[in-house]
Amino acid sequence: MVGSFLSGYRQIFVTLFFTLLVLPLVIPKTSWAAFGASPPFLNASHLVKGAKYEQIIYLVRDNAEEDLPIKVNLSLPDTIKSWITMEQGTEFIIPKGVRQFPVKILIQVPQNAGLGVYSGSMTFGSQPKEAGQVTISLGIEIPINLTVGTDIYREVKVGLIKLLDIEEGWSPRVYVKLENGGNVLEKFDSATYELFDAFKDKRYAISQKREGFPEVAPFSTEEFTIDFPVDFHLGVGQYWGSVTFYQGDTPVGGQTTLFNVLKRGSLSNPAGQFLSFLKIETYGLYYLLGLLTLAGFGFIWKKRSKKNRGS
Amino acid sequence: MVLLIVGSIFLISAFAIVQTVFGASSTVNVSSSVTVGNAAPTVSNVVLNGGSTIVLTPNATTAITVSFRINDPNGCEDVIVNGNTTSTVFRSGVGSACSASNLSCYIISTTTSNCSGNASTTDATTTFGIYYFADSTNGASSSYDAQDWVAHVAARDATGATSSATSTHRELNVLTAIELSTTSISYGSISAGSDTGSTNQSVTSTNAGNSSTTLRLHASSTLASGANSIATSSQRYSTSSFTYAGTSTALTDTVTTVSGFLITSPTSTASSSYSRATLWGLAVPGGTPTGTYTGSTIFTALWQQ
């Protein structure tokens, strides 16, 4: 009697154990992870014939525990279907662990495009695992509005200016991020760089630059580093630098900050160090050549003197 | 004459040697004292989010960094250990002296830095958790299209001397996103030739972004069991409860906007204020073979200005 009771008790226990073990696998998730896009639109209002336009739309979600397959449905007028391409294609997977997935959309306006406003949309639909009778999936629709015109539109933003730490003997360096939201090429026209001591009390040098600035294509962003040669040897230590960039006479960005000059080899790779060495030692080389020339002249003069005395 | 000149040179040289030797050898004790005064700290190189546009994550906070450089001639510890820094990330329209708000103004007084020893300069970083409903500043959708987000860092040393600096302006993107209350709709068991009547299945959509959104619906695959299927239009929905079919709308295979459905942009995490339900019913036509029918419906968010 006791044995059968224990046997029944064991059966109940085993059944309960396996039920609890399997339960999480058979019960679907009770809520869908949030899903969307940022920005949720593509508005290109200043396109011209032949323009290339690029925009990144981030597909975003709060729960990134699993891969998420995405299918893109384009709803566009036939005229502009061939203008739009996506780097990722129309079917891709947002990998597990990724909460913000960038989708690069490229628009190439043909040279023979008609002037006008073109509208359509693209829908990113997620494809989750099947759950229940009607599986619900989330999507995001991106309205697209393109305007092709003839106007010149300028929109420049300096996203970032950083005065970089450098090595002893290098010229001051400035890292710049230039964002061109307009439909014409943009670049800086000039820049000034002022170099101060560590307390910003004494100005050591000023450098003006009027050329050598890279051009940034319409609707794109470029990041680059600009050297400002100064007539001052920068030894190891701290200095203040103040840089201002101009378009015409208008300042479009600037930064004043303390930067470090580090000992040689701290930042550069072996090749860079070698080049840096050559650059620094050039002065020494000139000095040596000068001495040798003087010695040569001295030797010739001495020889001629002897000859004259002999004759 | 020559003798006179040589003699003068000798005397001058002798005088110089005597001056040098005896002057150098005489010892004078000079006591020195100096008072090191306080120098105000400086803040520079303030960079918001690495100089990039801010992209938020739906229904969550997103970590955004502000990096900056602090210099204090009395040593960086004069600020980092004995003083303090206050970093503020804010929408430009509210100004750096703003009151804390999850919509437009985040203030943090803790920072991580590499300050050590007697170094006068340190690079520091403050990390902010920006909510998904923070005010957007780009695109015509935003009320703040003409504004941007900015970081402001103020440093104070042990004596109370202060300095501050701001970053370049950065956009905060519009985010349109929704979260659903369930992953599936289950109608249960329905006999052929009958419908769900007054029993509705509910799916709640919650705004998980910083913009208003509407809802668009379509069936990506109709209810099917092997070769058998139930027409897509047999599934119907409404924003209020209904007795099948009543005033409900038939589901379609093409994307359709749900009439009268709009969820405004949240201003807090109180999700119930920014949620709306759609209610669902189903009719199974007479003659439909028995079986388990499955399908799929897509809920699509669409940004609204």
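Colleague: Which residues does Ser225(B) touch, not counting residues up to four places away in sequence?

Modeller: Two residues are in contact if their C-beta atoms, placed from the backbone, lie within 7 Å. In this predicted model, Ser225(B) touches Gly291(B), Thr292(B) and Tyr293(B). Local features need pLDDT of at least 70, side-chain atom pairs count only at pLDDT 80 or more, and totals for chains, interfaces and linings use all residues. Residues are numbered from 1 along each chain as its sequence is written, while chains are lettered from A and ligands numbered from 1 in the order in which they are written.

Colleague: Where is Ser225(B) placed in chain B?

Modeller: Strands (E, at least two residues) are DSSP runs, numbered from the N terminus. Ser225(B) lies in strand 13 (residues 212–225) of chain B.

Colleague: Why does Ser225(B) count as partly exposed?

Modeller: A residue is buried if 20 or more other C-beta atoms lie within 10 Å of its own, exposed if 12 or fewer, and partly exposed in between. Ser225(B) is partly exposed because it has 15 C-beta neighbours inside 10 Å.

Colleague: How many residues does the contact take from chain A and from chain B?

Modeller: Chain A contributes 45 residues and chain B contributes 52 residues. On the side of chain A that touches chain B, strand 9 (134–148) gives the most, with 8 residues.

Colleague: In which sense do strand 9 of chain A and strand 10 of chain B pair?

Modeller: Two strands pair if DSSP finds at least two bridges between them. Here the sense is antiparallel, over 2 bridges, with strand 10 of chain B spanning residues 184–185. Within that strand, Ile185(B) is the bridge partner of Val134(A).

Technical notes: Helix = DSSP H or I, 4+ residues; strand = E, 2+ residues; numbered from the N terminus.
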